Amino acid sequence: MLAHFRKLVPQLVRILKNLIMSGYSPEHDVSGISDPFLQVRILRLLRILGKSDDDSSEAMNDILAQVATNTETSKNVGNAILYETVLTIMDIKSESGLRVLAINILGRFLLNNDKNIRYVALTSLLKTVQTDHNAVQRHRSTIVDCLKDLDVSIKRRAMELSFALVNGNNIRGMMKELLYFLDSCDPEFKADCASGVFLAAEKYAPSKRWHIDTIMRVLTTAGSYVRDDSVPNLIQLITNSVEMHAYTVQRLYKALLDDISQQPLVQVASWCIGEYGDLLVSGQCEEEEPIQVTEDEVLDVLEGLLVSNLSTPVTRGYSLTAIMKLSTRFSSVNRIKKVVSIYGSSIDVELQQRAVEYNALFKKYDHMRPALLERMPIMEKSATNGPTEIVQTNGETEPSVVEPKHPPLVTQPANQANDLLVLLGGNDVPVIQTTMPTKPASAGGELLELLGDLSLSGGPAPAPAPSVPTSQPSFLLDGLSSQPLFNDIATAAIPPMTAYNKNGLKIDFTFERANPNPNIAVITIHASNSTEADMTDFVFQAAVPKTFQLQLLSPSSNVVPALNQGTVTQVIRVLNPQKQQLRMRIKLTYTLKGSPVQDLAEVNNFPPQSWQ
Amino acid sequence: MQFMLLFSRQGKLRLQKWYVPLSDKEKKKITRELVQTVLARKPKMCSFLEWRDLKIVYKRYASLYFCCAIEDQDNELITLEIIHRYVELLDKYFGSVCELDIIFNFEKAYFILDEFLLGGEAQETSKKNVLKAIEQADLLQEDAKDAETPRSVLEEIGLT
């Protein structure tokens, strides 16, 4: 259809020409320009017609140049026509000279005093910056000046355009301006500006030190507005720049002394202090003046974070973990032990869990502590989310507090040598076979259970991810999405029992402990029939005392074949929150050789492990 | 253009012209929100703002705000010109127009707007033609008023 109208392009060009050249027509005139509405309309139509067509575009080139140069710009009308012309030039297949002309017009707009025109110019430049990058660069300084404008919309446009213009050459200068802008802008801009700064810094950072400096500056000025996932990204960046560790931790420590209200800054700082605390205390730093910090001062700061009202639960988790890590790097272990044991009874579930785990680490697994709390290895930048962590926890001393994110820890049977971590979800995560730690078979064959916790970036602070010494196989799980790992537990954990044996009907109970809730015992009944005839219409009913809850699932069938040829199985789930001794009353009804049989029995001989 | 609203500094709506089909409820809701947003703007601010997915162009003349909603591809600066042209037409017709003129003769204001804009686009760019059309309409009205003596139906069809 457009082809049909393209034939009219020459006519349109002629009409436009007449409009511009012709004399004064009082009724159509607006401030000296004849019929601007019509001019704008024609330009718009030319834009649509010339959009992907070379011939039409060529026919228009002249007239567009003429309009662009002849129109008076003192009044808004003239600017309106020029604006439309610029849009048309950008959209059709115009020659480069014309495009440069258009960008220059926009640049002139930027210098205009009228806000509306500047706004319009910034908007159009944003659209064209992708295609005509170099030409727009020429006006970079004007754009950067617009950052200081009073009007909100202009500031926003200027900010977006500035980020689009950043490249390897102008990064230092631009970043200075942008950071200054970040300091003084409104809160609604800060989040966007901060993310933009991070992105730009990542792409074009001239040196690692500059990069870290920039990020520190953003954190200290707009710390509370940065996005959640910037914390893990920053941590990853810091780990990767090995030579900067001392410098980084020193600067972060100083920033922490000044201000603990900005959570992302505090989180990153406490993580770094935990990792590199020894560098901080030893006072070696090539880049800056080393400061003298004692171990107690560092611990003071971290403890201060724990008690402060300004810290979120996530931050508290970070600082507790940092304190723990310092136990291998500092010498004042007693103080750390005290802190950790205090938080073993904290109200916050996350803190309590961590504290209890660390406590256990002190008491029972002290020999493992150095290995566990070693330095983090350099993290690979995973394409999807942030770094991955592995949590090593001890199953036996776990409190009965269950965190929604962590699958519960279950006691491992003593006869299991290997755990198989089975991953649900079928992503390309390898199945890990863990072997027993190379501990001697002391302590009565205790087993450590390993759970991999895959955390999403932006989730709550991950627990320390120790690098396992090379004597053990490494458990590196590439985190993709957060998925709980389930441990397959053999049902040999709790011995089966015979609940009922009368008149040829034998009912065995086998036990499993259900994940995720350790208070649920899953009992499978196996009914077998040693008489010569089948038992039909077999119904199994059960009742439990009031402190328990019972759920009976449907049986496999209700005919128990004769002579032990098969069994009927049925699953019962018992919830035992108070861990009382399990008792059950069962009622059986079946038809044997044509006559119905009913029986009641009480089952009391549950093995202790089934309800503990 | 999608719609044009005229409202006073106190937020009272004086004129509304919708070029898109919307339910009454939606119109009221949009009007309320837009009036609030525009009135909250400071005098030195830009005449354009983004609102929902539309561009809003507004200009203040004395105590009245003229507010137009245009689409993405429309030219904001020419919309300012359209608003100005409309004000000029009103001025020419009423002779030094003020808000009271629009309040008391709102139907004339609508007539003039309809002569100038059709379906959201400017349809007549000549000031003279628009005003001439309105004058002719006025004349017709005068004639009708004069000839208001009651006539029976039969007389009207010429039988008596």
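Of the 612 residues of chain A, 51% count as buried. The model is a predicted one. The secondary structure of chain A amounts to 21 helices and 15 strands. Of the contacts in chain A with a separation of 6 or more, 69% involve residues 24 or more positions apart.

Chain B has 160 residues, and buried residues make up 42% of them. Six helices and seven strands are present in chain B. Read from the N terminus, the elements of chain B follow the order β-β-α-β-β-β-α-α-α-β-β-α-α. Of the contacts in chain B between residues at least 6 apart in sequence, 47% join residues at least 24 apart.

In the pair formed by helix H7 (residues 115–128) of chain A and helix H10 (residues 152–165) of chain A, the packing angle is about 25° and the axes are 9 Å apart. H7(A) is therefore roughly parallel to H10(A), as angles under 35 degrees count as roughly parallel. The crossing in which H7(A) passes H10(A) is left-handed. On the H7(A) side, the contact is made by Lys115(A), Arg118(A), Tyr119(A), Leu122(A), Thr123(A), Leu125(A) and Leu126(A). Their partners in H10(A) are Ser153(A), Ile154(A), Arg157(A), Ala158(A), Glu160(A) and Leu161(A). By class, the contact of H7(A) with H10(A) comprises seven nonpolar, two polar and four charged residues.

Helix H11 (residues 171–184) of chain A packs with helix H13 (residues 208–222) of chain A at an angle of about 10°. The axes of H11(A) and H13(A) are 10 Å apart. The angle makes H11(A) roughly parallel to H13(A). H11(A) contributes Ile171(A), Arg172(A), Met175(A), Leu179(A), Tyr180(A), Leu182(A) and Asp183(A) to the contact. H13(A) contributes Trp210(A), Thr214(A), Arg217(A), Val218(A), Thr221(A) and Ala222(A). The contact of H11(A) with H13(A) has eight nonpolar, two polar and three charged residues.

The crossing of H16(A) and H17(A) is left-handed. Val266(A), Ser270(A), Ile273(A), Leu280(A) and Val281(A) of H16(A) meet Glu295(A), Val298(A), Leu302(A) and Leu305(A) of H17(A). Seven of the residues in the contact of H16(A) with H17(A) are nonpolar, one is polar and one is charged.

In soluble globular proteins, nonpolar side chains tend to be buried together. Here the largest nonpolar core has 162 residues. Val298(A), Tyr86(B) and Leu117(B) have the most contacts inside this core. Leu117(B) is in contact with Met1(B), Met4(B), Tyr19(B), Ile82(B), Ala122(B) and Gln123(B), leaving aside its neighbours within four places in sequence. A second, separate core has 30 residues, among them Ala533(A), Met535(A), Ala542(A) and Leu588(A).

Met535(A) of the second core is also a contact of Thr591(A). Thr591(A) lies in strand E14 (residues 584–592) of chain A. The relative accessible area of Thr591(A) is 18%, so the residue is buried, the limit being under 20%. Beyond residues up to four places away in sequence, Thr591(A) touches Asp534(A), Met535(A), Thr536(A), Asp537(A) and Pro596(A).

Backbone phi values were examined next. Most residues other than glycine have a negative phi. Asp35(A) has a positive phi, near 45°, and is not a glycine. Asp35(A) is found in the loop between strand E2 (33–34) and helix H3 (36–50) of chain A. With a relative accessible area of 5%, Asp35(A) is buried. Ser96(B) also has a positive phi, of about 60°, although it is not a glycine. Ser96(B) lies in the loop between helix H2 (76–94) and helix H3 (99–104) of chain B. The relative accessibility of Ser96(B) is 60%, so this residue counts as exposed.

Methods
Residues numbered from 1 in each chain as written. Chains lettered and ligands numbered in written order. Predicted model: local features only at pLDDT ≥ 70, side-chain atom pairs only at ≥ 80, totals over all residues. Heavy atoms only, no water. Axes fitted to C-alpha atoms, helices over the stretch in contact; angles between N-to-C directions. Helix = DSSP H or I, 4+ residues; strand = E, 2+ residues; numbered from the N terminus. Parallel < 35°, antiparallel > 145°, perpendicular 65-115°, else oblique. Left-handed = near helix turned anticlockwise from the far one by under 90°. Contact = heavy atoms within 4.5 Å. Nonpolar A, V, L, I, M, F, W, Y, C, P; charged D, E, K, R; others polar. Core = buried A, V, L, I, M, F, W, Y, C linked by side-chain atoms within 4.5 Å. Buried < 20%, exposed > 50% of the residue type's maximum accessible area, 1.4 Å probe, protein only.
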